[in-house]
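Open the model in your viewer and keep the selection tool at hand. The stops below are meant to be taken in order.

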Amino acid sequence: MADSLFERLGGTEGITVIAKDIVQRHLDNPDIGTRFSEGSGVDLKQLGRFVVEFLTAGSGGPGDYTGRDMASAHAHMNINEREFISVMNDISKALKAYGVSDETHDELIGISYSLKDEVMFK
Ligand code: HEM
């Protein structure tokens, strides 16, 4: 049987590296950095943990996701199209930097994109 998405993302070790990279790219991204930076009230350590859990549970790995659902987590932010694309680009770059296959990259990008309506304009 083919490896699960969790395994193809490098398991817990790979997902931890990818999640850290995604959060760092968000901080460095001029389109969305202020959403996460000092003064935003976002707890970056906790965000990093939730992103690891989210990717793990969403890819068939062990353990539960203990963060908020996507609509609640992004409530009152009024996230626009440009910001959503910026987040997708950061996820894409982090996956490529980690060196996943094109197929694995496209699968995770597809899953992320499918969450668009839950995240935007809440
Ligand atoms: C596929 C798209 C996205 C996914 C999978 C995603 C995933 C997550 C997860 C798992 C959390 C943690 C949940 C929690 O705190 O309980 C979170 C929080 C957050 N996300 Fe997203 N997100 C997405 C898109 C976006 C976009 C487009 C933005 C806008 C820049 C954004 C900004 C934030 C912020 C600022 C937080 C922290 C909220 C807080 O601590 O109050 N996210 N996201």
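This tour goes from the ligand to its surroundings and then to a salt bridge. Keep in mind that the model is predicted.

Stop 1: Select the ligand. The space that the ligand takes up is the largest pocket. Now show the residues around the ligand: there are 21 of them, and the closest are Tyr 65, Arg 68, His 74, Ile 79 and Ser 112. Colour this shell by class, and you get 15 nonpolar, three polar and three charged residues.

**Stop 2: the helices of the shell.** Switch to a cartoon view. Which helices each supply at least two residues of the shell around the ligand? They are H3 (33–36), H4 (44–58), H5 (70–73) and H6 (81–98).

**Stop 3: His 74.** Select His 74, which is placed in the loop between H5 and H6. Then select the iron atom of the ligand. Its single donor from the protein is NE2 of His 74, at 2.0 Å. A polar side-chain atom of His 74 is also 2.8 Å from a nitrogen atom of the ligand.

**Stop 4: Arg 68.** Select Arg 68, one of the closest residues to the ligand. An N or O atom in the side chain of Arg 68 lies 2.8 Å from an oxygen atom of the ligand.

**Stop 5: a salt bridge.** How many salt bridges does the count come to? The count is five. For one of them, select Arg 82 and Asp 31, whose side chains meet with an N to O distance of 2.8 Å. This pair links distant parts of the chain, 51 residues apart: Arg 82 belongs to helix H6, while Asp 31 is in the loop between helix H2 (11–28) and H3.

Methods:
Residues numbered from 1 in each chain as written. Predicted model: local features only at pLDDT ≥ 70, side-chain atom pairs only at ≥ 80, totals over all residues. Heavy atoms only, no water. Near = heavy atom within 4 Å. Polar contact = N/O pair within 3.5 Å; in protein donor to acceptor, adjacent residues only side chain to side chain. 1 Å grid on protein atoms, 1.4 Å probe; cavity = no way out; pocket = protein on both sides within 12 Å on 5 of 7 lines; lining within 4 Å. Sits in = over half its atoms within 2 Å of the grid points. Helix = DSSP H or I, 4+ residues; strand = E, 2+ residues; numbered from the N terminus. Nonpolar A, V, L, I, M, F, W, Y, C, P; charged D, E, K, R; others polar. Donors = N, O, S within 2.8 Å, 3.2 Å for Na, K, Ca; no water. Salt bridge = Lys/Arg side-chain N within 4 Å of Asp/Glu carboxyl O.
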